[in-house]
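Subject: Structure for your files

Dear colleague,

Please find below the structure you will be working with. My notes on it come after.

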Amino acid sequence: SPPVTKKDKKSRRAAKKEAKKAAAARKEALKVEAMLEKHRMKAEAEQAKKAAKKGKSKKLTLARKQAEIEAEQAKRAEQEEEAKEKAEFTARKQAQIEAEESNKAAWEEEEAKEK
């Protein structure tokens, strides 16, 4: 092999330095990439969590609405029942009054006949 000159040694040293720099740059790039990946995964997990929470809150809202509707229906049914009872009471009272009046009229007729 030919003798190694000073120039050769210099260029070899420069090449080694360049190789080291390139390796360091690759290592740094991998580190940054890993960090970005970690952040991306974290963000995705956060999104998934939010979406799940939103889904849950939608379900809760639906359940709440359903409960409100049922409460409203129960209240309406109760009011209708009360109205029905009032109407029945009024009808009974009216019938009682009419019966008393017809009894009174009959009694007065009897009185008139006796006189």
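The notes below go from the whole chain to single side chains.

This is a predicted model, in which local features need pLDDT of at least 70 and side-chain atom pairs count only at pLDDT 80 or more, while totals for chains, interfaces and linings use all residues. Residues are numbered from 1 along each chain as its sequence is written, and side-chain values use heavy atoms, with hydrogens and water left out.

Overall form. The protein chain has one helix and zero strands; helices (H or I, at least four residues) and strands (E, at least two) are DSSP runs, numbered from the N terminus. Helix α1 covers residues 6–114. The C-alpha trace spans about 165 × 15 × 10 Å along its principal axes. The radius of gyration of the protein chain is 49 Å, whereas a compact globule of 115 residues would have one near 13 Å. That radius is taken over C-alpha atoms, and the globule rule is 2.2 Å times the number of residues to the power 0.38.

Surface. Buried residues make up 0% of the 115 residues (buried means under 20% relative accessible area, exposed over 50%, partly exposed in between, with a 1.4 Å probe and protein chains only). The chain exposes about 11600 Å², of which carbon and sulfur atoms supply 58%; accessible areas come from the Shrake-Rupley method with a 1.4 Å probe, and for residues only the protein chains shown count as cover.

Charge. There are 34 positive and 24 negative side chains, and the centres of the two sets lie 37 Å apart. Lys and Arg count as positive and Asp and Glu as negative; His and the chain ends are not counted. Each charge is placed at NZ of Lys, CZ of Arg, CG of Asp or CD of Glu.

Salt bridges. The count comes to two, a salt bridge being a side-chain nitrogen of Lys or Arg within 4 Å of a carboxyl oxygen of Asp or Glu. R40 pairs with E37 at 2.6 Å, N to O. Because R40 and E37 are three residues apart in helix α1, about one helical turn separates them. R40 also forms a salt bridge with E44, again N to O, at 2.6 Å. R40 and E44 are four residues apart in helix α1, so about one helical turn separates them. Through shared partners, E37, R40 and E44 are joined into one network. R40 counts as partly exposed because its relative accessibility is 40%.

Regards
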